[in-house]
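Take a look at the sequence and the model below. The paragraphs that follow go from the whole chain down to single residues.

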Amino acid sequence: MIATRHIATDPQRREIEAVERLPLMEGPGDILRRDLEPILGWTGRWAWYAVRIPTGSLLRYPDEIRGLPGDIDVMGGPLTANPQALEAALQKTRPELPPQADPSWAGFIASLRVFYAKELNWPPNLDRITAVEVKSASRDSNGKIHAHRKTAKKAHYQAASLCEMGFDAVALLWIAAAAPVEATGFHSWLAAGRAAASLAQFIEQRRIELNSGQHFGQLVLRVGSLLHAPEWHSGSLGLDLIQRPAPLDVTASTQRMLLRQRMTGLLREAFCEVPFPALLPVVVRFCRACQRPFVSRAPLDRGCTRCGLTAY
Ligand SMILES: [Zn+2]
């Protein structure tokens with residue numbers, strides 16, 4: 001059996017691992033995409049994400065703007081393709097599929113064709129950028145729950161400050177990562193799903209307070225995993241929408257406009273260094289050593305493409 005690290009089995013790094021794995025969590029068949037796209041505009045694998053971007057990288061001097069979170073956990077937006085190329089790929093793909101094929105296959109195969117033909121719009125347009133603040137809770141194999149120590153109030157404060165940073169929508173994303181279940185039979189994923197649902201119920205009852213008068217949304221991502229494989233390969237994923245995020249007006253304050261402008265500048269700097277992405281989703285990181293943003297070689301590769309340093 002191959003040893004696999006899971007979010008739940010590493011309590012010290014649980015939140016970092018949850019953030020790192022989020023871009024890959026759309027799951028087989030884009031399960032999460034169907035839920036997340038209408039809420040945050042995140043189109044599963046066909047999207048760009050920026051993970052753990054230090055807020056300081058958007059400021060000119062350290063205390064230019066006070067009260068912002070130290071890191072932006074995950075921000076993202078959709079990747080788009082030339083519509084004619086996509087339509088042509090669909091026309092070509094549909095007759096090639098067997099009649100019993102699920103209708104979603106044609107779209108999936110056509111989008112792969114568009115990607116390999118480099119018909120994806122690159123660099124991506126940054127008309128819509130949304131962000132999440134991640135909090136997690138996990139249950140280890142002894143049944144003990146490890147939840148983040150900060151109160152719901154503190155989490156709300158962080159999400160509310162994210163709303164002032166020039167995003168189009170913001171959510172507080174609670175991750176319920178259950179201890180991985182041994183795959184003993186064909187239906188082990190059901191057991192994984194039950195474990196995650198019971199943990200999500202705990203979070204929803206004990207940790208989540210509804211925010212009143214705030215614009216951020218609240219979501220719970222249920223992550224049920226199996227021992228032998230990473231969360232995004234096998235197991236059970238699901239999303240509970242607790243509160244829908246409200247659309248934010250980027251032009252409502254000069255601070256929001258300024259930070260949005262610097263954010264798009266930072267993202268474009270990373271995108272423009274890559275002639276075309278090699279893999280999807282596209283993941284942007286910030287190197288603490290060279291103090292510059294970069295597009296990762298592969299979604300989970302944390303090594304800086306310039307200095308080679310793995311900053312964390
Ligand atoms: Zn570097």
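This is a predicted model: local features need pLDDT of at least 70, side-chain atom pairs count only at pLDDT 80 or more; totals for chains, interfaces and linings use all residues.

Residues are numbered from 1 along each chain as its sequence is written.

Now the whole chain. It holds seven helices and nine strands. Helices (H or I, at least four residues) and strands (E, at least two) are DSSP runs, numbered from the N terminus. The C-alpha atoms fill a box of roughly 60 × 50 × 40 Å along the principal axes. The radius of gyration is 20 Å, which agrees with the value near 20 Å for a compact globule of 312 residues. That radius is taken over C-alpha atoms, and the globule rule is 2.2 Å times the number of residues to the power 0.38.

Of the 312 residues, 38% are buried. A residue is buried if 20 or more other C-beta atoms lie within 10 Å of its own, exposed if 12 or fewer, and partly exposed in between, with C-beta atoms placed from the backbone.

Turn to helix α1 (residues 14–21). Six of its eight residues are buried. They are Arg14, Glu17, Ala18, Val19, Glu20 and Arg21. Their cover includes the strands β1 (47–54), β2 (71–78), β3 (130–139), β4 (145–147) and β5 (169–177).

Next comes a helix pair. The axes of α3 (residues 83–93) and α4 (residues 103–116) come within 8 Å and cross at roughly 125 degrees. Axes are lines fitted to C-alpha atoms, for helices over the stretch in contact, and angles run from 0 to 180 degrees between N-to-C directions. On the α3 side, the contact uses Ala85, Leu86, Ala89, Leu90 and Thr93. On the α4 side, Ala106, Ile109, Ala110, Arg113 and Val114 take part. Two residues are in contact if their C-beta atoms, placed from the backbone, lie within 7 Å.

Finish at Leu267, in helix α7 (residues 254–272). Why does Leu267 count as buried? Because Leu267 has 22 C-beta neighbours inside 10 Å. Leaving out residues up to four places away in sequence, Leu267 touches Ala50, Leu126 and Val284. Tyr49 is 218 residues from Leu267 along the chain, yet their C-alpha atoms are separated by 9.8 Å.
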